[in-house]
Amino acid sequence: MTQPNNAFTISNLLNLAIFRPDINMAATIQALQTNNVLQILAEPNLMTESGKEATFLAGGEFPYPVIQGTGGGTGSTSVPAITIQFKEFGVRLSFTPIITADGLIHLKVAPEVSALDFSNALTIQGFTLPALSTRRVQSEMELRDGQSFAIAGLVDNRVTEVFSKMPGIGDIPILGNFFKSRSLNKSNDELLILVTPRIVHPLQPENVPPGPAFPKPFLGPAVPEQPKTPAAK
């Protein structure tokens, strides 16, 4: 299906907010989120030194079996040894900034978003192994302190077919068709990544902000009791 030339999509609205400095981008994103058009997956705020990599992961791990070899028998009675390993999934971000001599930030960024996909799962020896739906991108650019850039175009179009039937009676020829149902679920989403690097300068001792003001304690500090001198006879 093709869209008409005058169709206005979410990507066009976000591009308008990014390249128009007079538009409040934060208010635009908040309005899209309020109308359930936009969902924020993660808002990582990482700090690292120049030339060192920083990583972020918001997600989890799922177990999957791995065949290590044979064990527990000889000849035809040998069975494979299976161990369980864990694979990460979720929202991952890794970046490496390098501050150049002219004050620019050379940034190498590699974001990744993955999710469990049970529609393409694989069953082996009773184990159900879900597939991973992954969207990954890697880019390098030079920015000034506080400048932002966006990575878009990672579109995921998916159609899922759900088939269900009543046990027993759904297997009867001809009559069982009345006790079966099939539904199609269509989803179309686009991943947008916004990155804003900033240079953090160390503060001088006289510029350190004051700490929080704690309320006045109810009881004063405890004073240790002085030892008593023995009385003279």
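**Charged pairs and core**

Modeller: R92 is partly exposed, at 29% relative accessibility (buried is under 20% relative accessible area, exposed over 50%, partly exposed in between; 1.4 Å probe, protein chains only). This is a predicted model: local features need pLDDT of at least 70, side-chain atom pairs count only at pLDDT 80 or more, and totals for chains, interfaces and linings use all residues. Residues are numbered from 1 along each chain as its sequence is written, and side-chain values use heavy atoms, leaving out hydrogens and water.

Biologist: Which side chain does R92 meet in a salt bridge?
Modeller: E88, at 2.2 Å from N to O. A salt bridge here is a side-chain nitrogen of Lys or Arg within 4 Å of a carboxyl oxygen of Asp or Glu. E88 is partly exposed too, at 35%.

Biologist: How many salt bridges by this rule?
Modeller: Three. Another pairs E112 with R136, with the closest N and O atoms 3.1 Å apart. E112 sits in strand β3 and R136 in strand β4 (residues 127–136), so the pair ties together parts 24 residues apart in sequence. Strands are DSSP runs of E, at least two residues, numbered from the N terminus.

Biologist: Is E112 buried or exposed?
Modeller: Buried, at 18%. R136 is exposed, at 56%.

Biologist: Switching topic. How many residues has the largest nonpolar core?
Modeller: 16. Such a core is a set of buried Ala, Val, Leu, Ile, Met, Phe, Trp, Tyr and Cys residues joined through side-chain atoms within 4.5 Å. F95 and L107 are among those with the most contacts inside it.

Notes. Helix = DSSP H or I, 4+ residues; strand = E, 2+ residues; numbered from the N terminus.
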